[in-house]
Amino acid sequence: MMMLIREQLEEREYTLLSRHAVYARESRGRAVPEEEDPYRTAFQRDRDRILHTKAFRRLKRKTQVFLAPEGDHYRTRLTHTLEVSQIARTIARALFLNEDLVEAICLGHDLGHTPFGHAGETVLNDLYPPGFRHYEQSLRVVDILEKRPSAAGLNLTFEVREGILNHSHGKALIYDRPAPPMSRESLVVSLADAIAYINHDIDDALRAGVITETCLPADTLRVLGPTNSERIGAMVVAVIEGSGEDGINILPGIRDAMRNLRDFLYRHVYPCEAIEAEIRKARRMIRELYLHLLEHPEGVIEDERGDDSLERRTVDHVAGMTDEYAMRMHRLLLQPRSWI
């Protein structure tokens, strides 16, 4: 009998990929077993399911660091996700890891982010007693909140779900600490996430005039390079050349420079008054929206999910908002309107 295309692709992985890679045929499977696709591996199928979700489309209107920017060239959650995917796929390909698994994790890793970036995450974490973490919300999006014609949730493979949940933890490697147990593909995504935001947040800060080139640590630039492209390239190469039989790692000199640049962001960019002033407004807006919807859920908060509390459903609703939608809802629900 002729092999299906999917079976040929699975077989090819054993020839092309490292013995440390995750093979699609050896996936731990899905919570609800499904008939296999004749043309796509399990991880390719997961990637496609994520790509076609409403949550993925909303990322284009969720900002990264600079909230509701007027310029066209600042990063959004969507462009961040695409940059992470490009970096992670480059590393995975060079290390002969499963690029399809890496891409699926990348596309899903930030689906649970709130409007206004980490500002919204902080507010929901304070207001919702069980706490709110965007990586847990990303998993909730793919497991429960996204709908398919046949069922709720995307029913993704264990490996993609693990990567989404753990995508923030591999950054421990930047600080020379052991990362939690996870696949090499998941670690690559986590490091690619850090490489992407370290560099594009600096690029956006320079564009916004928050910092100048002279503010950047000179010793770090001597190691990584003076341009955004050179710095990304140096970090990518450091992961490729620093990884081996022992696992995913970073060359020590570049790792130290990455850490210094990340620390620079947290000392001089994120806390700056130009950003912090907008973050305070965003936090107040999200707080007021959440409390209002909790008190007046009628017609807004769906009550179909009987197992979820009103608080849980309100968190889901607010977390899913785009920046523009949150501002529009705040004006509609909480700001006076003129009748003249």
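Biologist: What should I keep in mind about the model and the numbering?
Modeller: This is a predicted model, in which local features need pLDDT of at least 70 and side-chain atom pairs count only at pLDDT 80 or more, while totals for chains, interfaces and linings use all residues. Residues are numbered from 1 along each chain as its sequence is written, and side-chain values use heavy atoms, with hydrogens and water left out.

Biologist: How many salt bridges does a search of the whole structure find?
Modeller: The search finds 35, where a salt bridge is a side-chain nitrogen of Lys or Arg within 4 Å of a carboxyl oxygen of Asp or Glu.

Biologist: Which residue does Glu11 pair with?
Modeller: Its side chain meets that of Arg25 in a salt bridge, at 2.9 Å from N to O. Glu11 lies in helix H1 (residues 5–16) and Arg25 in the loop between H1 and helix H2 (42–51), so this pair ties together parts that are 14 residues apart in sequence. Helices here are DSSP runs of H or I with at least four residues, numbered from the N terminus.

Biologist: What about Arg259, which partner does it have?
Modeller: Arg259 forms a salt bridge with Asp256, and the closest N and O atoms are 3.1 Å apart. Both residues lie in helix H12 (residues 252–269), three residues apart, which is about one turn of the helix. Arg259 counts as partly exposed at 22% relative accessibility, and Asp256 is partly exposed as well, with a relative accessible area of 29%.

Biologist: Which residues do salt bridges with shared partners join into one network?
Modeller: That network holds Asp37, Arg40, Arg47, Asp48, Arg89, Arg93, Glu99, Asp100 and Glu103.

Biologist: Switching to Arg140, where is it, and is it buried or exposed?
Modeller: Arg140 is found in helix H7 (residues 134–145), and it is buried, with a relative accessible area of 13%.

Biologist: Which side chains does the Arg140 side chain contact?
Modeller: The side chain of Arg140 makes a polar contact with the side chain of Asp308 at 3.0 Å and another with the side chain of Asp316 at 2.9 Å. A polar contact is a pair of N or O atoms within 3.5 Å; within protein, one must be able to donate a hydrogen and the other to accept it, and residues adjacent in sequence count only if both atoms are side-chain atoms.

Biologist: Last topic, the backbone: what is phi at Phe96 and at Asn155?
Modeller: Phi of Phe96 is near 60°, a positive value in a residue other than glycine, and Phe96 sits in the loop between helix H4 (77–94) and H5. Asn155, also not a glycine, has a positive phi of about 55° and is placed in the loop between H7 and helix H8 (158–165). Phe96 is partly exposed, with a relative accessible area of 49%, whereas Asn155 is buried at 12%.

Technical notes. Helix = DSSP H or I, 4+ residues; strand = E, 2+ residues; numbered from the N terminus. Buried < 20%, exposed > 50% of the residue type's maximum accessible area, 1.4 Å probe, protein only.
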